[in-house]
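Reader: I would like to learn how to read helix packing and charged pairs in a model of a protein. Could you take me through one case?

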Amino acid sequence: PLTMLLSLVVLLSIFLLISSAPPTCYSRILSLSKEIMASFKNLQNTEPVDPCVEMLPKLYLDIHNYCVLTKLRNFVAYPACQRVPQVSALKEKIRSLYTIMISFCRRDLVFLTDDCDALEIPILSPTDPSVIQS
């Protein structure tokens, strides 16, 4: 009984160590890009929509597309909506993602394409809720 309890505690401890591993660069970039796209969608769906929000560039992020780096830079540099706090917060998240991608995770990234048009008119998938268009 005591040996079995001790074995169970050791097994649970190992499981907790494995499941609480720090995120990889890829998983951090993927989760942050999904968070950014969800924030953008939420910003667009908030009533009333500020006129400058309607003028923001489309935001579809595919972290496997090399052109996403340009997309991130351009969105942060977009001059409109500086007075809208949600847009400022979104731009900060985007700036963080860009920094992670070009510095901390630069060597870990593998871009599968460099099709910039794909980021402008993404293929909508009914199974992919992260695809967002303005």
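Author: What follows goes from the overall fold to the helix contacts and then to the salt bridges. Please keep in mind throughout that this is a predicted model.

Reader: Let us begin with the overall fold: how many helices and how many strands does the protein have?

Author: The protein has five helices and zero strands, and its pattern along the sequence reads α-α-α-α-α. Of its 134 residues, 30% count as buried. Among contacts between residues at least 6 apart in sequence, 70% join residues at least 24 apart.

Reader: How is the packing of two helices described in general?

Author: Two packed helices are described by the angle between their axes together with the distance between those axes. In this model, helix α2 (residues 25–45) and helix α5 (residues 85–104) have axes that come within 10 Å and cross at roughly 160 degrees. An angle over 145 degrees counts as roughly antiparallel, and α2 and α5 are therefore roughly antiparallel to each other. The crossing of these two helices, α2 and α5, is left-handed.

Reader: Which residues in α2 and α5 meet?

Author: From α2 the contact takes in Cys-25, Arg-28, Ile-29, Leu-32, Ser-33, Glu-35, Ile-36, Ser-39, Phe-40 and Leu-43, and these meet Gln-86, Val-87, Leu-90, Lys-93, Ile-94, Ser-96, Leu-97, Ile-100, Met-101 and Phe-104 in α5.

Reader: At what angle do α4 and α5 pack, and how far apart are their axes?

Author: The angle between α4 and α5 is about 145 degrees, and their axes are 9 Å apart; the crossing of α4 and α5 is left-handed. On the α4 side the contact is made by Val-68, Leu-69, Leu-72, Arg-73, Phe-75 and Val-76, and on the α5 side by Leu-90, Lys-91, Ile-94, Arg-95, Leu-97, Tyr-98, Met-101 and Ile-102. The residues of the contact of α4 with α5 divide into 11 nonpolar, no polar and three charged.

Reader: Turning to charged pairs, what qualifies as a salt bridge, and to how many does the count come?

Author: The rule asks for a side-chain nitrogen of Lys or Arg within 4 Å of a carboxyl oxygen of Asp or Glu, and by this rule the count comes to four salt bridges. One of them joins the side chains of Lys-93 and Glu-35, at 3.3 Å from N to O. This pair links distant parts of the chain, with Lys-93 in helix α5 and Glu-35 in helix α2, 58 residues apart. Lys-93 is partly exposed at a relative accessible area of 25%, and Glu-35 is partly exposed at 35%.

Reader: Where do Arg-83 and Asp-50 lie?

Author: Arg-83 forms a salt bridge with Asp-50, in which the closest N and O atoms are 2.8 Å apart. Arg-83 lies in the loop between α4 (68–77) and α5, and Asp-50 in the loop between α2 and α3 (51–54), so the pair ties together parts that are 33 residues apart in sequence. Arg-83 is exposed, with a relative accessible area of 61%.

Reader: And is Lys-71, which meets Glu-120 in a salt bridge, buried or exposed?

Author: Lys-71 counts as buried, at 9% relative accessibility, since buried means under 20%. Its partner in the salt bridge, at 2.9 Å from N to O, is Glu-120. Lys-71 is in helix α4 and Glu-120 in the segment after α5, 49 residues apart. Glu-120 itself counts as partly exposed, at 36% relative accessibility.

Conventions:
Residues numbered from 1 in each chain as written. Predicted model: local features only at pLDDT ≥ 70, side-chain atom pairs only at ≥ 80, totals over all residues. Heavy atoms only, no water. Axes fitted to C-alpha atoms, helices over the stretch in contact; angles between N-to-C directions. Helix = DSSP H or I, 4+ residues; strand = E, 2+ residues; numbered from the N terminus. Parallel < 35°, antiparallel > 145°, perpendicular 65-115°, else oblique. Left-handed = near helix turned anticlockwise from the far one by under 90°. Contact = heavy atoms within 4.5 Å. Buried < 20%, exposed > 50% of the residue type's maximum accessible area, 1.4 Å probe, protein only. Nonpolar A, V, L, I, M, F, W, Y, C, P; charged D, E, K, R; others polar.
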